[in-house]
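Look at the model below and keep it in view as you read. We will take a few places one by one.

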Amino acid sequence: MRALAAMSGGVDSSVAAALTKQAGHEVVGVTLKLWSGPNGEAPTAGCCTVSDAEDARRVAAQLDIPYYVLDYTGEFRDGVVDRFVHDYASGRTPNPCIECNRTVKFDRLLGGLAEFDCEVLVTGHHARNRHEDGVWSLLRGADRAKDQSYVLSMLTQPELASTRFPVGDLTKAGVRSVASEMGLRTAAKPESMDICFVGQRDYRAFLRDTAPEAVQPGPVVDSDGTEIGRHEGIVGFTIGQRRGLGVAVGEPRFVVRIDAGRSTVVLGRRDELAVAGIKLRQLTWTNGKKATGRVMAQYRAHGEPVAATLHDDRLLFAEPREAVAPGQTVAFYDGERVLGGALIADTFV
Amino acid sequence: MIYLDHAATTPIRPGIWEAMRPYSMEVFGNSSGVHDVSRRAKNALEEARERIAATIGARPQEIVLTSGGTESDNLALKGAALSSSSRRGVVTVATEHEAVLETTDYLRRIGLPTALVGVDREGAVDIDSLLGEVTGDTALISVMCLNNETGVVQDLPRIVAAMRGRHPGVLIHTDAVQAFSSHDLDVDALGVDLLTLTGHKFGGPKGAGLLYVREGTPLEPLHHGGGQELGRRSGTHNVAGAVGLAEAMEAAKADRSRFRTEVGQIRDDFEKRVIAALPDVVVNTPQRMRSPHHLNLRFPGIRNQTLLMRLDRAGVAASAGSACQSGAAQVSHVLEAMGLTADQTRESVRFSFGWDSTVDEAVEAADIVLGLVEVLR
């Protein structure tokens, strides 16, 4: 089997490529160049040192596999960064990593497998896929704390059939110990938690620099409409946010709604945060079959799944839930198995 | 492997490595020392300098030995612009190598007047615009002989003649790095004041280049220190490199007429074979004013990074012409300046031939290209 290994320069994707090679497959390593600078400015010296790409390159050399850096900066800017800015400017809370998986990593690399003369895509995600009775299923990673099935919940049958997650059966510690046994230089490399194009800066500063027009001041109002303060831009706020609201009121206040049209942030008491359910869009099903009825729903990357019921494009929670942010992804589970995913279009009480 | 990336670098010609070896082994001395092993090194260095100078019709003291093309371009531009208090400007062309463009941009950032001149669809610089940008502030113009991405040959004799007529006080620099294999380069015939060369583009070692500096040309050094190279470039001499550079320049010069005919024929055969089978392929290299060894082709509908990856795996080494440090293909500033869209530059691949290219491998490579293009479409 000829495998295209997406190598970010981290330990997971290094081990994924290494295990694929060890299993006797022909492996081609690639790193995606997605972004050119913190402000997206054109690199002045023809320099786009993705420093992580250097680690990926060295691991590829050690594994003795061909290695390439592929430029998808255009796709990334259009599909991920512009959308990130647009979502925040519209009062939503985007998940750019999921958009990147959807519109760049899987779309371009899976779509390009034949061009790259490969049969499967190998990534370092902590998730598992299984082929039983002619159907591919996506399961949570063996390391529940590192599980990334949530960000893969939009994958469907053809994509799952052409993708392998070799580290999904390992714990993170297991991955590091394999890397260290193989002498991979990334064995002890710390994990990156930043949004790659925002870096270590505050994402609000990124938005101010990138899309100043999206950062307009406006009123902060109480749920009865009384203005209780001003804000510098709705992009600074997320549903459920409690800190940094810039207003002093007696009891704790939370962001309960963001009205992008009026550039208004609405605060409320904790009990006003709760929603009964979600209106969904962009629903996808891992096995191609629409699920209905009772599911477990996870609506935050590191949240716990909660009981809910699916009725077409509406998800009704078994009991009201707080801090459900439009723009985020919701993944549906049946135990370990991912049934599908969707974007949170809106919430209802 | 079929190597078609000679514009990036070339394999060293036979015998040169062996000629260099003694100057890192037995004759390892620092050429500035007072003992026998140093004197012998110094002697080898100066002998090499004489041979180097002779190949381009220069005097030995007009040769500043450097680490290569990038350093020579930096020294020419910064050295000329920073040596004068009255004339400090630089005028150059949008399609120059990054070593010239980035140096020019640096000079702009520190407050010096700079200007970039455009090119036409074939990549030729518009001489009238070039002259139009030159002012009383201009210290130097820099125009390359032969473009590294497309192989277009600039009309240097006309540029030099026009400049001398209109702006006699302005220095003229040319980056001739891509031209030495194929073009007779005599500094007096060219009439330039500063000229950049580097050994590894024509079968010499890496890390050994030169800047020709016409006698009397004011030049502020970049490297201050022990005062080597008549104070123009301090640093312990790379004697082995200088010997290798001299050997390679003599070998390349002696091989030039064969190179023009044979390598030109190999390139033409490759081009014809590809175009005959794929009539929609666009030749970015101009038909006239072209080098014998470059060929830049655009394959509509095929992204160059994909084609280059497949070529590599099929054993053919080619290039996008412009790559960043990570190795990702970039939008080519040269092709953009010629009027191609960003997407069109991402469909363009450079094949460059060299002293060791053969007809058989060019034919085989053309067939591999044709096979891959069929698969990728």
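This is a predicted model: local features need pLDDT of at least 70, side-chain atom pairs count only at pLDDT 80 or more; totals for chains, interfaces and linings use all residues.

Residues are numbered from 1 along each chain as its sequence is written, while chains are lettered from A and ligands numbered from 1 in the order in which they are written.

Start with helix α3 of chain A, residues 73-89. Helices here are DSSP runs of H or I, at least four residues; strands are runs of E, at least two; both are numbered from the N terminus. α3(A) bends by about 30° at Arg83(A). The bend is the angle between axes fitted to the seven residues ending there and the seven starting there. Buried residues of α3(A) include Phe76(A), Val80(A) and Phe84(A). Buried means that 20 or more other C-beta atoms, placed from the backbone, lie within 10 Å of the residue's own. After α3(A) comes Gly91(A), with a positive phi near 85°.

Now go to chain B. Helices α9 (256-277) and α13 (359-376) pack at about 25°, with axes 9 Å apart. So α9(B) is roughly parallel to α13(B), a word for angles under 35 degrees. Axes are lines fitted to C-alpha atoms over the stretch in contact, and angles run from 0 to 180 degrees between N-to-C directions.

Last, the loops. Most residues other than glycine have a negative phi. Ala323(A) has a positive phi, near 55°. Ala323(A) is buried, with 20 other C-beta atoms within 10 Å. Glu229(B) also has a positive phi near 55°. Glu229(B) lies in the loop between β8 (209-213) and α8 (239-254) of chain B.

Note on methods: A residue is buried if 20 or more other C-beta atoms lie within 10 Å of its own, exposed if 12 or fewer, and partly exposed in between; C-beta atoms are placed from the backbone. Angles under 35 degrees count as roughly parallel, over 145 as roughly antiparallel, 65 to 115 as roughly perpendicular and the rest as oblique.
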